[in-house]
Amino acid sequence: MTRYILSRAAQALLVLWGAFTLSFVLLQVMPGDAVLIKFQDPELGLSPQQISDIRASYGADESAFVQYAHVLGRTLAGQLGYSIETGVPVSRMLHAAYPTTLRLAVVSFGGAIMLAASFATAALLAPLRPLRAALRLVPGLASGIPVFWLEIVAIQLVSFHWKLVPVVGVSGWAAAVLPGLALAIPISAPLTQVFLSAAERVMAQPFIDVLRARGASPLRILYAHVLPNALPPTLTISGLVFGEILAGAVVTETVFGLDGLGQLAQQAVANQDVAVLQAIILISVAGFVVINFTVDALHPLIDPRIRRTQAGGAA
Amino acid sequence: MNAASPQLNIRDLDVVYESRGSAHHALKGVSLEVRAGEMLALVGESGSGKSTLGRAILGLLPESARIQRGSITVDGTEIVGLPERALRRIRGARVALIPQDPAHSLDPVRTIGAQLVEAVHLHEPHSNTATTRRMLVGLLDRVGIKEPERRLRQYPHELSGGMRQRVLIAAAIAQRPALIVADEPTSALDVSVQVQIMALLAELRHEMGTAMLFITHDLGLASEQADRVAVLQHGTLCETGETKALFANPRTPYTRRLLADLPLFHEARAPRRAEGPREDAIVVSHLTYAYKGAGGRPGHKAVRDISFNVMAGQTHGIVGESGSGKTTLLRCLLGLITPDSGSVHILGENPAQVEGTAQRALRRAVQFVYQNPHVSFDPRCRAADILAEPLINAGLHDRGARTERIRAMLERVQLPPAVLERRAANMSGGQSQRLAIARALLCDPKILILDEVVSALDVSVQAEILTLLETLQRQLDLTYVFVSHDLAVVRRIADTVSIIRAGTQVEHGPTETVFSTPHDDYTKHLLAAIPGRDLMRPAVLA
């Protein structure tokens, strides 16, 4: 088991390094850079000579390889550098922004799980076959709804029209409720789809009939037997869905005017603020790796048949 | 209920499956009864409606099925029209099910103990878990499971098939039901395990006075086990009677045909080919293969010192129960694995060593037909594509020539040309097995390796396929290796036979000799376990 965890940790480091390098290359390939964007403005009245001095002070004219070595070394030492746009340490910016996004992620992911669970229950246990077939189509449609549109409608209806949840002048968890729940809808769709198809495969198995023949109720069969059997593929998908939350955060924070990592990412892209952007990429990738590792670690807890294989593999 | 009244009473039952406006009558006017302590065997081929009847008794018909008419009373309670909630109190408590496939009839992610405790608590919600577990230990002990405490903590995949079926039986009898529906309870088990399970069911029936409806396709088994037999054909009960009387003197032509198709009733294959000895198509000598254990250590020896020769144009039967090493032996024959010691020669070549053109030629010359064609075909492929594939692989790109060969082959395996447009998933078991044979034959093989090819088929279809195989062998001068767990089938088709147990060849020789004068205890034991031996005319089996 220790060996398994070590090898997974090594893989994770490799993924982090790969993402870091790839993002560096992509940012290098883009024409122009943050220094030019900031100081080229004619109203600043800087001469070409002054601009190139500034560029030299940021190391912007060094060869790509030297810059890469510098940035990598700095990052390995735990230094995320300074924002070119504001001159503030990147770590301080991240520190200010992450709670908002974390709250958004928690609300939207939790909401998505509850939504998926209740919807799947309805779609599997509804009394009539045509009704079940119709419910089965809904997640596919839901995954096609554009997030920004859904969120604008949510603000208009829920907040302004029905006045259920305020979106202006709120902070902390209160501010995360409406955007989180709006984001939960498109995120719950793939979870529901994967769970439903896994659940249907499980329900076609003979042991389900045996349970019914013992007098178990449909609800009991669903929660005590179908759910644990259908969970592994759903877990795998929920790891991937994490990426959608991050992408959704960019749009959602913009629509709701929240100062989170998504907003920060969007500004950093607009300004080609390489240091900020790279830090956000690293954080996202790290989150992704941790979530997927957790998912893999949970599998053997759910399915006893995997425990044996894994023990054999680690021996 | 007094003892004389039947525990199960079915009167004039009509069940209809409805789909998109069309209706299929699965059961028509079925009436039968089973008394306490009695076993009624419900026999019939696939599609006869026997499983529908079993499900109707449990109130578990699929949504598309409707009971049009009739009544089912279990232990005095009318099942037809009973609301779901009331049915749930009856299921598992007064009528219990022993399912067909123990491998998939337990929840794979919950322990045996959790599942058995659940089975009890469904009907005794207030009972204490510790007390229930103590009761279950006794119950598992009663159904013949050793170390019951340990088994309760284990998961289904840690138990053998026979043991899982014992667990399922324990779950079924936990509430002392009045009626047990046993739906093909041993068809997925080895013959020797089958004997044990059937004996256990008989004991429990007599001990608890439970009525049992035994659903089976196996007439031999029914003849040995049941007090009475009911024969179902196309949803109609065509004959019911005391077992002995019914088998001694079947009244309807259908029952007579079912009995005639039993492989038991065929003469053993007579020694053939008077024209003298021919060269050996397959020579296996002192074959040994061990799977590698953890860390490359030598592991479990799957087969040990196996030797046999198969003369060209003859059939060699390989008989063994699950885990006997049959599959490993076949993998060696196909050259998929290299033996640790000993050798295999197919048509003079060593399949594990040939390379390049010779290897491709050998692979075409040795074709493999699987037990379950439904699994080995792409279900969405049309039969025409399935048959064209080996021809395309062989470089026959002319469409016209391909169609020509495919049509000729269909005629050989007696399939109508219309079948070409059908998809594999929509074919019957017999049709898809013919298709599998046709596909194998399109490679112009010299040798067919037939792995349990008739095991999943009804007796009448089984008889047809065996006859077809014999005809093809004569016409095309084929050599067969015929693997089966069914001794009666092997006795009918094989010239020579190997009996394999735990990787060792316990007996080997001409089929007739092995069957009439077995030397090894295991062979004797297997022969004794053939269900329905009593049905055999004394002259057939000495």
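Analyst: A nonpolar core is a set of buried Ala, Val, Leu, Ile, Met, Phe, Trp, Tyr and Cys residues joined through C-beta atoms within 7 Å. The structure discussed here is a predicted model, in which local features need pLDDT of at least 70 and side-chain atom pairs count only at pLDDT 80 or more, while totals for chains, interfaces and linings use all residues. Residues are numbered from 1 along each chain as its sequence is written, and chains are lettered from A, and ligands numbered from 1, in the order in which they are written.

User: Which residues have the most contacts inside the largest nonpolar core?

Analyst: Within this core of 217 residues, those with the most contacts are B:Leu42, B:Ile57, B:Ala170, B:Leu179, B:Leu213, B:Phe214 and B:Val481. The largest share of the core, 16 residues, comes from α8(A).

User: What makes B:Ala226 buried?

Analyst: B:Ala226 has 22 other C-beta atoms within 10 Å, and a residue is called buried at 20 or more, exposed at 12 or fewer and partly exposed in between, with C-beta atoms placed from the backbone, so B:Ala226 is buried. This residue lies in the loop between α8 (219-225) and β9 (228-233) of chain B. Leaving aside neighbours within four places in sequence, B:Ala226 is in contact (C-beta atoms, placed from the backbone, within 7 Å) with B:Met39, B:Leu40, B:Ala41, B:Phe214 and B:Thr243. With neighbours within four places again left aside, the contacts of B:Phe214 include B:Leu42, B:Ala182 and B:Gln225.

User: Why is B:Ile282 counted as buried?

Analyst: B:Ile282 counts as buried because it has 22 C-beta neighbours inside 10 Å. B:Ile282 lies in strand β11 (residues 280-292) of chain B, and, not counting residues up to four places away in sequence, it touches B:Asn309, B:Val310, B:Ile346, B:Ile447, B:Thr479 and B:Val481.

User: What makes A:Lys163 exposed, and why is B:Asp477 also called exposed?

Analyst: A:Lys163 has 8 other C-beta atoms within 10 Å and is therefore exposed, while B:Asp477, with 12 C-beta neighbours inside 10 Å, counts as exposed too. A:Lys163 lies in the loop between α7 (147-161) and α8 (173-203) of chain A, whereas B:Asp477 lies in the loop between α17 (459-476) and β17 (479-484) of chain B. A:Lys163 is not a glycine, yet it has a positive phi of about 55 degrees, and B:Asp477, also not a glycine, has a positive phi of about 55 degrees.

User: How do you know whether the radius of gyration of chain B agrees or disagrees with that of a compact globule?

Analyst: The rule, taken over C-alpha atoms, is 2.2 Å times the number of residues to the power 0.38; for 542 residues a compact globule would have a radius near 24 Å, and chain B has 25 Å, which agrees. The C-alpha trace of chain B spans about 70 × 55 × 45 Å along its principal axes, and buried residues make up 44% of the 542 residues.

User: What does chain A bring to its contacts with chain B?

Analyst: Chain A has 21 residues in contact with 24 residues of chain B. On the chain A side, α9 (206-213), α10 (218-256) and α13 (304-314) are the elements that give two or more residues, and α9(A) gives the largest share, six residues.

Key. Two residues are in contact if their C-beta atoms, placed from the backbone, lie within 7 Å. Helices (H or I, at least four residues) and strands (E, at least two) are DSSP runs, numbered from the N terminus.
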